Amino acid sequence: MKSRPAKRPALTSRHYFQGFGFMRAFRPKEDREEGMDDILITEKRGHVTVLTLNRPEAMNSLDYELYDALEQAVRTSDARAIVITGSGTRAFCAGDDVKKILSKGAPVTPERAAKAKETGGLPPAADALLHTDIPVIAAINGFALGWGAELAIMADMRVMADTAKFGEIFVTRGLCCDAPGLGRLAQLVGREKASELLFTGDVIDAAEAKAIGLVSRVVKPEELMPTALALAEKIAANPPQAVRSLKAGLRRTLDPDWRDTGKWAITEIRRLMQTADAKESAAAFIEKRKPVFTGN
């Protein structure tokens with residue numbers, strides 16, 4: 001009797017992105033303020049607040065709870081400067097935890113749905129970051145991929161470990177990036193280089209990130225947080241009302257209507273997720289082969 005061939009695993013939303021291994025960073029409990037099940041560690045250092053994405057087992061990827069915690073932390077902050085980083089050494093943020101966010105059991109509560117409607121399709125955490133008058137510094141300690149790359153470029157300044165990587169990888173999954181990748185990336189590196197990064201999905205190292213103007217400083221991993229904190233403390237030492245006015249002025253002068261762009265982006269992402277090319281990307285990933293895209 002012939003044995004049946006192994007059944008091909010069904011494609012689900014979890015196959016659109018894949019995490020890597022992790023290393024947990026140790027941080028003394030007494031030096032931190034805990035909340036939201038400790039998925040976001042909030043540390044207050046004088047007038048500077050450090051927000052650490054704390055899901056190292058998932059490459060600090062974002063699920064609904066972490067999105068909520070990040071939004072709340074930014075909107076309610078009374079800091080003069082905010083530093084955002086990731087736990088461990090492998091990842092700053094590997095993007096969305098697609099398995100959790102797109103699974104049938106994902107907790108899309110009425111409150112979350114109402115909040116998303118208020119921000120016009122722009123993720124509420126992105127809405128908070130793009131509209132805050134508090135200067136934000138991203139301390140990029142490892143991979144910043146997908147929405148992790150978006151998170152990094154929503155900051156006003158970026159300090160990057162020389163071992164870290166950056167990639168707007170949406171196109172390789174048959175998807176469009178979110179609003180910050182469309183608007184902020186071109187502001188930072190120019191339209192031509194932004195187009196190259198978005199259209200190719202290339203993942204670049206810290207040296208290239210600095211060369212193209214994506215980050216202002218590249219340092220050794222052990223120097224990352226001291227460098228980011230020194231910059232934050234220098235900003236925090238200035239008159240806070242003047243600093244906030246300057247940031248509001250930059251936003252007023254340079255930024256598009258983020259909510260309108262967000263509404264367009266989420267509509268495109270939802271449409272693209274249903275295409276044959278997006279499904280082919282997922283299939284090729286789990287079958288460890290090169291995808292063949294047809295434009296369908």
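**From one residue to the fold**

Tutor: Glu-280 is buried, its relative accessible area being 17%, where buried means under 20%, exposed over 50% and partly exposed in between, with a 1.4 Å probe and protein chains only. This is a predicted model in which local features need pLDDT of at least 70 and side-chain atom pairs count only at pLDDT 80 or more, while totals for chains, interfaces and linings use all residues. Residues are numbered from 1 along each chain as its sequence is written, and side-chain values use heavy atoms, with hydrogens and water left out.

Student: Which side chain meets that of Glu-280 in a salt bridge?

Tutor: Side chains of opposite charge can pair when their charged atoms come close. Here the partner of Glu-280 is Arg-289, at 2.7 Å from N to O, a salt bridge being a side-chain nitrogen of Lys or Arg within 4 Å of a carboxyl oxygen of Asp or Glu. Arg-289 has a relative accessibility of 34% and therefore counts as partly exposed. Glu-287 also forms a salt bridge with Arg-289, with the closest N and O atoms 2.7 Å apart, and Glu-287 is partly exposed at 29% relative accessible area.

Student: How many salt bridges does a search of the whole structure find, and which residues are linked in a network?

Tutor: The search finds 15 salt bridges, and Glu-71, Arg-75, Asp-127 and Arg-259 are linked in a network of them. Another pair is Asp-255 with Arg-184, whose closest N and O atoms are 3.4 Å apart. Asp-255 lies in the loop between α10 (240–254) and α11 (258–272), whereas Arg-184 sits in helix α6 (residues 179–189), so the pair ties together parts that are 71 residues apart in sequence. Both Asp-255 and Arg-184 are buried.

Student: How should I read a strand, and are the two faces of β3 covered or open?

Tutor: In a regular strand the side chains alternate between the two faces of the sheet. In β3, Ala-81, Val-83 and Thr-85 on one side and Ile-82, Ile-84 and Gly-86 on the other are all buried, so that both faces are covered; six of the six residues of this strand (residues 81–86) are buried, which means that β3 is largely enclosed by the rest of the structure. Strand β2 (residues 48–53) pairs with β3 in the parallel sense over six bridges, with Val-83 as the bridge partner of Val-50. Strands pair if DSSP finds at least two bridges between them.

Student: Which residues have the most contacts inside the largest nonpolar core?

Tutor: They are Leu-151 and Leu-214, in a core of 74 residues, and the largest share of this core, seven residues, comes from helix α9 (residues 224–236). Such a core is a set of buried Ala, Val, Leu, Ile, Met, Phe, Trp, Tyr and Cys residues joined through side-chain atoms within 4.5 Å. Leaving aside neighbours within four places in sequence, Leu-214 is in contact (heavy atoms within 4.5 Å) with residues including Ile-153, Phe-166, Leu-185 and Ile-204.

Student: What is the mean pLDDT of the chain?

Tutor: The mean pLDDT, the predictor's confidence in each residue from 0 to 100, is 85, and 83% of the residues reach 70 or more. Over residues 1–36, however, the pLDDT is below 50, although this stretch has 63 contacts in the model beyond near neighbours in sequence. The chain holds 12 helices and 10 strands, which are DSSP runs numbered from the N terminus (H or I, at least four residues, for helices; E, at least two, for strands).
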